[in-house]
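Dear colleague,

I am passing on the structure below, and would be grateful if you could look it over before we talk. My notes on what turned up in it follow.

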Amino acid sequence: MYSILKAEQLADKIYLMDVKAPRVAASCLPGQFVIVKIDGVGERIPLTICDYDREAGTITIVFQTVGASTMRMAELKAGDSFEDFVGPLGLPSELCEEENLEETKKKKIVFIAGGVGTAPVYPQVKWLKEHGVDTTVIMGSRTKDLLFFVDKMEKVATQLCVTTDDGSYGFHGMGTNQLQALVDAGQTFDHCVAIGPMIMMKFVCKLTKELEIPTVVSMNPIMVDGTGMCGACRLVVGDEVKFACVDGPEFDGHLVDFDQAMARQAQYKTEEGRAKLALEEGDTHHGGCGHCGGDK
Amino acid sequence: MANVDVLVRVPVSEQDPLVRAKNFDEVCLGYSKEEAMDEATRCLNCKNAQCVKGCPVSINIPAFIEQVKDGNIEKAYSIISESSALPAVCGRVCPQESQCEGKCIRGIKGEPVSIGKLERFTADWARENGIKPQGAEEKNGHKVAVVGSGPAGLTCAGDLAKLGYDVTIFEALHEAGGVLVYGIPEFRLPKTKVVAAEVENVKSLGVKIETNVIIGKTITIDKLMEEEGFEAVFIGSGAGLPRFMGIPGEQANGVFSANEFLTRNNLMKAYQEGYDTPISRGKKVVVVGGGNVAMDAARTALRLGAEVHVVYRRGEAELPARAEEVHHAKEEGVIFDLLQNPTEILVDENGWVSGIKVIKMELGEPDESGRRSPVEIPGSEYEIEADTVIMSLGTSPNPLISSTTKGIETNRRGCIVAEENGATTKTAVYAGGDAVTGAATVILAMGAGKAAAAGIHEYFMNK
């Protein structure tokens, strides 16, 4: 069992937890992910590591409720625990490798974080700050109430730009609009990291391709085991089929086939929707609507 | 005793094919004690027993059958336990027809003795009567790490524990058993009743199992040896990455590896009410491949309610799956489209599978494996309608361990190089099972685990 030391809601449907997992905390690096499983009947859910404390032996995760298992996870409190918590999985971010540090220091790096993608961007920016690398961070959400980590990010980013789609906080517009505005104002970047919903990463990549800024994205496809065994997370990068769990999760964004990745992500929408509906409606849902198979 | 025809096996009862095609309960119901004792009388108790030579873990088969014949099932179990840590598993999934039973002298004129069914009966009886295998009386204090809790790892760990070693198994998944829990379905190998019980037996020998530890990621082999005091390591990490064909349409929604489909169903229990993990219940499923894993996937899809076609590029005689599995699949209603090979997966406007294009094949000259290689018949392409395609084409080794451990050599296929006794190119590190051979069988992995346990023991004796 892996006990939860802290649990808090960051924004609508977005939750943060510190989990005791000493083996994972001892070996993880920014860019890697964990798989959590709430109990015997839960799904294995991949989550990018948001922060880690090697001495305390803890990992910070941030997740959004999307299906039955994450909805049940949201109800956990400090003192509760996960039955399973495994990692670190995937390859660390290339930016955060000591051996690349001299090269990294020469780069003008911009991060673009969208929605819950702010969480996995944080440890990278923090690591870079600790290693004396300057960064620009553009973090955005649909509206002010969905923003989180603004204070934390302010402490580690050299330049922070906060955006909201509706203009309720910070720059009025999307991350791509903000990046264009910075470039128009004369700033130059030669490396971009974009993490967020696939549709956002797709449009960031479209823009950075025009601006000729090499861009790394962190993919979050459907996974089962997370160790390279099932192939559920396969995606097309350039001409090659890659497994996000062992070859990624970070890839060259200009080579990723986002349309196909988005289609694959929707593969279990119907099944997940049913499980979620059954959980939300509990005993009040007796089927018979003709849409859900009738038994849930 | 009933009248036993020495040339014919005592039949074993099975669930009716049409009933079992709709449930996940075990197909074969096993012998009763009377049936087992009757079948045991057919054994010739050969002095130079060929069956033992056919067994990868060298169980003293005539000796245990002799005890079954006399009704001493507990004694029979202790004889099997000397050689095998997982008899209830092996009695169910070993390809006996090409091993022990294939060499049975009784089989020359009549049917060979049902060694597998007798082993299964003995192990099931022991479990139901609370009999446990005997552990070591004294610990020798040497710490050994075992990577992976599949058949190779469990066997190696069990044998080492019996010799007095302090053994810890590290398992990447959340449950112990490896392919026995994620790969082989419930209807062939019950998870709680059989697999969990055999894992408990290994633990009762003193073996510790730590789940959720991925060697090569969570911790490396080098660190286990340098920082955690393990003096030797056995790698039984299994086969790994699923293969795909590389044909158009393979990334479409509705195309799964057999590993994914079976893991969702078996490990995550997607077929059962109340579990969160989803599975795609197709209406018309095409399984590509002809091995045991393909049969498992096909029979699972059938039980989830689909019409199932197995597409295989060679003929029936060349199917790599066990004859019993093919026979069961046919009985249950799986349709075999043999001598056909997929050339393209057809995709609808929403990115989902709508069918599969195949080309008919004929058999040409035998290839290096001795099997006649299939050749395309020009112009014979046609389409099979389908909403789900399951690729069951084998696996290639996972590089996680070899790439993170100093001094471990792999061959050009990525398999770890190991000697007969499991020794790798790194001192005190042994390996066996699919990680060394590529995808093979449970019992071969167990044989390798057993050989490596002996190899590790010898290493300590000479140290």
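Helices (H or I, at least four residues) and strands (E, at least two) are taken here as DSSP runs, numbered from the N terminus. This is a predicted model, in which local features need pLDDT of at least 70 and side-chain atom pairs count only at pLDDT 80 or more, whereas totals for chains, interfaces and linings use all residues. Residues are numbered from 1 along each chain as its sequence is written, chains are lettered from A and ligands numbered from 1 in the order in which they are written, and side-chain values use heavy atoms, with hydrogens and water left out.

Just after helix α15 of chain B, B:Gly333 adopts a positive phi of about 115°. Within that helix (residues 323-332), B:Glu325, B:Val326, B:His328, B:Ala329 and B:Glu332 are buried, that is, under 20% relative accessible area (1.4 Å probe, protein chains only). They lie on the same side of α15(B), because they cover an arc of only 165° around the axis, the arc being that of the directions from the helix axis to the C-beta atoms.

As for the interface, 42 residues of chain B are in contact (heavy atoms within 4.5 Å) with 46 residues of chain A. Three salt bridges are found across it, each defined as a side-chain nitrogen of Lys or Arg within 4 Å of a carboxyl oxygen of Asp or Glu. B:Glu210 forms a salt bridge with A:Arg23, where the closest N and O atoms are 2.7 Å apart. On the side of chain B that touches chain A, the largest share, four residues, comes from α13(B).

Best regards

How values were computed: Buried means under 20% relative accessible area, exposed over 50%, partly exposed in between (1.4 Å probe, protein chains only).
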